[in-house]
Amino acid sequence: MLVPGVAACVPAVAVSYAAHRAVGTVPMLTAALVLGVLAVNLRLLPAATRPGLRFAGTRFMRAGVVLLGLQVSFGDILALGARTILMTVAVLAVTFTGTQWLGRRLGLSSRLSLLVAAGFSICGASAVAAVDGALGPRPGDAEAERETATAVGLVTLCGSLAIAVLPPLAHLLGLSPYDAGRWIGASVHDVGQVVATATLAGSAALVPAVAVKLVRVVMLAPITAGVALRTRRAALRGAERHRPTLLPLFVLGFLATMALRSTVTVPPDVLTTASTVRDVLFAAALFGLGAAVRLPELARTGHRALLLGLTSWVLIAGVSYAGVLLTAH
């Protein structure tokens with residue numbers, strides 16, 4: 001039952017890669033998500049593909065999160081210094097709590113508000129997947145699938161906008177390349193989007209941007225564990241049958257690969273291959289998630305969700321900019 005949907009991801013990943021190669025400012029993952037939305041709403045995907053696409057949207061994303069740990073080295077993070085690390089954690093905390101508060105005020109569900117908060121404050125679609133896993137499986141729950149896809153779509157959209165907006169804005173604000181990199185790393189959502197944005201801001205901005213971003217990536221584990229613990233306690237109080245594990249298996253895998261990168265010299269070829277495989281997995285997952293977005297259904301709460309995403313984007317950009325100014329040398 002999974003084969004038709006998984007097979008549909010293959011040409012989608014190929015087209016997404018071709019679009020990225022043709023137009024460098026279009027991230028491969030953004031193209032994959034858009035393709036999924038277009039394919040399902042133009043009725044190009046048979047009903048037989050749904051199980052496989054649902055599998056890709058969850059399992060492939062989680063496998064990509066495990067490989068994401070190979071990008072994180074504690075040495076690179078410590079080189080930033082205590083002030084920058086604390087600033088990054090503070091920005092994450094403000095965005096995470098502030099976005100959830102805004103979501104509730106806009107009348108959105110607590111689950112959607114939490115997923116958007118995780119994606120915007122931590123590391124984009126991979127954080128959405130991690131927190132979604134911590135909330136526990138909901139097989140066949142169309143509303144839960146739609147909310148997950150909406151959160152991924154918002155972080156992908158706003159992260160892609162950041163690629164075009166932040167580099168010229170950093171120049172107008174008179175930030176040095178180093179501080180521009182720190183601002184980008186603290187405010188842009190996905191790792192790939194951070195790299196693309198920092199590259200446009202200048203080669204000197206790339207290293208601090210990636211290092212600051214990795215601080216946020218490291219926070220994926222404790223926040224996911226906190227969400228899982230809260231969900232588990234609620235399940236115990238409500239005597240629910242499903243009680244999520246304290247730390248999902250794929251998050252443990254993320255911690256393991258992060259520890260490996262920090263303690264062992266991983267050959268560059270292995271890192272390059274792992275990065276490529278991760279991008280392919282993420283692209284297939286985003287195509288699957290995009291295929292869960294049915295525009296007529298999304299229109300019911302779409303404007304409020306979009307407002308939450310844009311507001312959270314402005315919030316994290318503004319708070320991180322203030323943090324960069326306060327911690328500038």
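Start by selecting Leu173, which is partly exposed because its relative accessible area is 37%. For that label, buried means under 20% relative accessible area, exposed means over 50%, and partly exposed is in between, using a 1.4 Å probe and protein chains only. You'll find Leu173 in the loop between α7 and α8 (177-187). Helices here are DSSP runs of H or I with at least four residues, strands are runs of E with at least two, and the numbering goes from the N terminus.

A quick word on what you're looking at: this is a predicted model, where local features need pLDDT of at least 70 and side-chain atom pairs count only at pLDDT 80 or more, while totals for chains, interfaces and linings use all residues. Residues are numbered from 1 along each chain as its sequence is written, and side-chain values use heavy atoms, with hydrogens and water left out.

Now widen the selection: which residues make a nonpolar surface patch with Leu173? Pick Leu157, Leu161, Val165, Leu169, Leu172, Leu306 and Leu310 along with Leu173, and you have a patch of about 630 Å². Patches take residues with over 30% relative accessible area and no salt bridge, joining like charges within 9 Å and nonpolar side chains (Val, Leu, Ile, Met, Phe, Trp, Tyr) within 5 Å. The accessible areas come from the Shrake-Rupley method with a 1.4 Å probe, and for residues only the protein chains shown count as cover.

The largest share, 5 residues, comes from α7. Click on Val165, which sits in helix α7 and counts as partly exposed at 37% relative accessibility. For a sense of scale, draw a line from the C-alpha atom of Val165 to that of Leu92: the two are 73 residues apart along the chain and separated by 20 Å.

How do the two helices meet? Axes are lines fitted to C-alpha atoms, for helices over the stretch in contact, and angles run from 0 to 180 degrees between N-to-C directions.

For another pair, jump to helix α1 (residues 3-22) and helix α2 (residues 28-41), whose axes come within 8 Å and cross at roughly 130 degrees. That makes α1 oblique to α2.

Last stop: salt bridges. How many does a search of the whole structure find? There are 4, each being a side-chain nitrogen of Lys or Arg within 4 Å of a carboxyl oxygen of Asp or Glu.

- Select Asp132 and Arg111, whose side chains meet at 2.3 Å, N to O. Asp132 is buried at 11% relative accessibility, and Arg111 is buried at 9%.
- Move to Arg182 and Asp179, joined at 3.0 Å, N to O. Both lie in helix α8, 3 residues apart, about one turn of the helix, and both are buried.
- Finish with Arg278 and Asp279, whose closest N and O atoms are 3.0 Å apart. Arg278 is buried at 6% relative accessible area, whereas Asp279 is partly exposed at 26%.

Terms used
Parallel < 35°, antiparallel > 145°, perpendicular 65-115°, else oblique.
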